[in-house]
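Subject: Structure handover

Hello,

I am passing on the structure we spoke about. Please open it and keep it beside this email while you read.

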Amino acid sequence: MADEVTLLDFWPSPFGMRVRIALAEKGIKYEYKDEDLRNKSPLLLKMNPVHKKIPVLVHNGKPICESLIAVQYIDEVWSDRSPLLPSDPYQRAQARFWADFVDKKIYDAGRKVWTTKGEEQEAGKKEFLDALKLLEEQLGDKPYFGGDNIGYVDVSLVPFYSWFKAYETFGNINIEKECPKFIAWAKRCLQKESVSKSLPDQNKVFDFIVEMRKKFGLE
Amino acid sequence: MENNNEVVLLDLWASMFGMRVRIALAEKGIKYEYIEQDIWNKSDLLLQMNPVQKKVPVLIHKGKPICESLIAVQYIDEVWNDRSPLLPSDPYAKSQARFWADYVDKKIYDLAKKVWARKGEEQEAGKKEFIEALQLLEAELGDKPFFGGDKFGFVDISLVTFYSWFYAVETIGNFSIESECPKFISWAKRCLQKESVSSTLPNSERVYEFLLDAKKRLGIE
């Protein structure tokens, strides 16, 4: 019985990248569909009527929405290889906590960095860098958040690295200088094919953000 | 006494997030030590156990903290997995339960807050959005007795705790939730027939007084 897996996504979305990495880690073949978010397809609206957002993982016709929920689903269905979550319940709770922290902090703080100015932007920059530093502490001496191999937290976080050129340019910050361990970790993740094939080039994302800023009247 | 110290809950009696953990512990029949927190004057223990978010609830098991209520509920379900399962075993059903609990987390608190913290047009918009969210949940419930189906489960736990705040939200917002969402109310009352829920949810009028006091402290009119 062949599994039918489709991913409704948008190429610069860090949330979509999480699902791409998970599918690649498990070696799952799937159909990738890029959505035009200004003109959402009937399929997307049918598969995610509540939030109308990407990514949506569709497995044998049934949708799983919200990137971290989809990653956990992938880990549980294809449980015979490359585990993403730890097997110990306490470690699992900690992995969920830090992925939730990434969800609560990184996107919104990062968004302030490229969409705002003045005091609001300064506050966003501080929040963003403080969050990265806290994550560096959490990583400690481990090669990955998952230990010897990439895991749930790595998958939830590394996609934002593809947005770093945009954050650095518009925020006028040097992330490598402030958080060298973070950059070293991100580059280590990128040595894995599942990650390097799932993340777009930083320059491509940068050009996309330049276009977005024009649309928001930010230039 | 030794067994009680193995599981500790740092909580605030009025917190709908803390109530989730209390219900889960009760469903599993787990004895624990409850330590009431003063959120206006946070204890060293709380700040030590949740240095990142500095919030309640914090579940402490054998000295190790688990923060974020839905993460704690899942932890409880996984550790005490020999009784009263809270999440479905099927991965797809589990993903749907997580989706709806996440929906509750993303919507219900903030929309209720729009009703109790704002006035005028903003409050009216908040009331409308809040009711719409509850109606979406009613549609998801359908004809099932619980969101979990025949059995009370993860989504029910994540949501029913807000019921204890309804009186406060209705009074401040001057509207009736039951008239707009009768199915929701009958579902909540069905949940309250379970001892784990009825022994956890506080008195609604007490919650209303708590909220009035919180508004004063936060400088909200």
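Which residue in β3(A) does A:Thr6 stand opposite? A:Thr6 stands opposite A:Val58.

Some notes on how to read this. The model is predicted, so to speak of a local feature pLDDT must be at least 70, and side-chain atom pairs count only at pLDDT 80 or more, while totals for chains, interfaces and linings use all residues. Residues are numbered from 1 along each chain as its sequence is written, chains are lettered from A and ligands numbered from 1 in the order in which they are written, and side-chain values use heavy atoms, with hydrogens and water left out.

The sheet in chain A

Strand β1 (residues 5-9) and strand β3 (residues 56-59) of chain A pair in the antiparallel sense over 4 bridges. Two strands pair if DSSP finds at least two bridges between them; strands (E, at least two residues) and helices (H or I, at least four) are DSSP runs, numbered from the N terminus. Both strands belong to an open sheet of 4 strands in chain A, with mixed pairing and the order β2-β1-β3-β4. β2 (31-34) and β4 (62-65) of chain A each have a single partner strand, so one side of each is left without a neighbour in the sheet.

A buried asparagine

A:Asn48 is found in the loop between α2 (42-47) and β3 of chain A. A:Asn48 has a relative accessible area of 2%, which makes it buried (under 20%; exposed is over 50%, partly exposed in between; 1.4 Å probe, protein chains only). Leaving aside residues up to four places away in sequence, A:Asn48 touches A:Lys53, A:Val56 and A:Cys65, where contact means heavy atoms within 4.5 Å.

Where chains A and B meet

The contact takes 24 residues from chain B and 24 residues from chain A. The area buried between the two chains is about 2,200 Å², of which carbon and sulfur atoms give 67%. Buried area is the accessible area (1.4 Å probe) that two parts lose on being put together, summed over both. B:Tyr92, B:Arg98 and B:Phe99 supply 27% of the area that chain B buries against chain A, more than any other three residues.

The rule finds 5 salt bridges across this interface, a salt bridge being a side-chain nitrogen of Lys or Arg within 4 Å of a carboxyl oxygen of Asp or Glu. One of these joins A:Arg96 and B:Glu78, with the closest N and O atoms 3.0 Å apart. On the side of chain B that touches chain A, α5(B) gives the most, with 11 residues.

Regards
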